Amino acid sequence: MFFDGKHSETSNKFIKNSPSMLNNIFGTEDVTPMWVADMDFVIANPIKEELLRLANRAQFAYEFDSESVFNAISKWFKKRHALELKTENFTQVSGVLTGIALLIRELTQEGEGILIQSPAYHQFAKVIQTANRKLVKSPLEIVDGNYQMNIEDIENKLSAPDINLMILCNPHNPVGRVWKKDELIELTEIANKHNVTIISDEIHADIIYEGHTFTSLMQIDPEHHISLIGSPSKTFGLQSISNGYIYTENQNLHQRVKAASSSMYLDHGNAFTTFATIAAYEHGEEWLDQLIEYLSGNLSWIKNFLSTELPEVKASPVEGTYQIWLDFNDLNLEGDRLIEVFGTAGFGASPGTWFDSNATSFARVNFAIPLSEIQKTFIALKQTLADINTHASSTNGASKKQACC
Ligand SMILES: Cc1ncc(COP(=O)(O)O)c(C=O)c1O
């Protein structure tokens, strides 16, 4: 099902391969792109067949059917996550970021603060700041080797009178946490105490690894928040056939969100997004199970390689998502120098500073690519680091010699 090796099709305009973007970030085009959270795999056959059927149809009159989309999503969440979602509580939007942008404008005023947990998916900052809202960050903390919410800090920040909205990322991009029930309960209690609405971005909900269980905010507090904002794009590799949905059982919120989406004519998909989404949720499960198995293999390989070959590079545990968050602090590598090393090694990871300006020694790697590519780039990274060390010690040696002679 998955192809191993480079993409052979040349007619695409994938952002991850864009020469200007690669040059801009890494100073070279010669990197394996692991910086965008999309996939190098072929989509599930039932989706492909549906898209081919549509393309062959060659008629594209107005065609909206959100009801069937919501039905397919509801059935999926019931089967996959034991979640009961009522079709009448959905609002369709064209993508998750569009949905968040709309919610920000609908639920807050210019100048108000919106809380995120840093490091965080970098577009959250942009979607908040371009709406002229204030970005407020609560840093995640590392406790016993894994990231945790800093509840005290969150409470402090949410108690400010000008903060009425928080964006939760569950599972969390980039650190890969799948928030547990008791963590979500604690969070909603604080939010409710301070009258703060949570937008729960659950776009990565379906990519969960063994030993972890996804809990939607829906299962914790369906009444007060935007319990779920999602899309089939991460799950099924449909990033450029974008479709999103917002779900809340709070009827006041639902009516406002629905009216806002409708007023901007965002509340419908197009033929491709509609049929692809239905095909994905109705017939994509077997493909997804195989995908998760493949991703688990990639993750195990990376963790094993790092612990045995590059123990100075620390990795987040990754409970969900196909992103791994790496820490190069023990190598004294940070900022531009770290990215320069990535360019030399062909290691096309996202700089950590995209997710948190303080994360200068961090990087995020998208590992939804063929294992052979992962192996190639991690081995090249190790070699580049070894070359730097050799060079540094020979330079030190030379200067010592000079000093002593
Ligand atoms: C947490 C999170 N939310 C939203 C998005 C983007 O979603 P969309 O393409 O539907 O706007 C991403 C993409 O990486 C993401 O990681």
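This is a short tour of a predicted model, one selection at a time.

Residues are numbered from 1 along each chain as its sequence is written. In this predicted model, local features need pLDDT of at least 70 and side-chain atom pairs count only at pLDDT 80 or more, while totals for chains, interfaces and linings use all residues.

**The two domains.** Select 15-40 + 286-389 for domain 1, then 46-283 for domain 2; these bounds come from an automatic or database domain assignment. Their centres, taken over C-alpha atoms, are 26 Å apart. Domain 1 gives 24 residues to the contact and domain 2 gives 25, where contact means C-beta atoms, placed from the backbone, within 7 Å.

**The side of domain 1 that touches domain 2.** Select α11 (285-309) and β12 (323-327), the elements that give two or more residues to this side. Helices (H or I, at least four residues) and strands (E, at least two) are DSSP runs, numbered from the N terminus. The largest share, five residues, comes from α11.

**The sheet.** Next, follow the open sheet of five strands in the order β1-β13-β14-β12-β11, with mixed pairing; strands pair if DSSP finds at least two bridges between them. β1 (32-34) and β11 (314-315) are at the edges with a single partner strand each, so one side of each has no neighbour in the sheet. β11 pairs with β12 in the antiparallel sense over two bridges. Select A315 to find L326 of β12 opposite.

**The ligand.** Finally, select A37, G95, V96, L97 and N173, which come nearest of the 13 residues around the ligand; a residue is near if its C-beta atom, placed from the backbone, lies within 6 Å.

How values were computed. Two residues are in contact if their C-beta atoms, placed from the backbone, lie within 7 Å.
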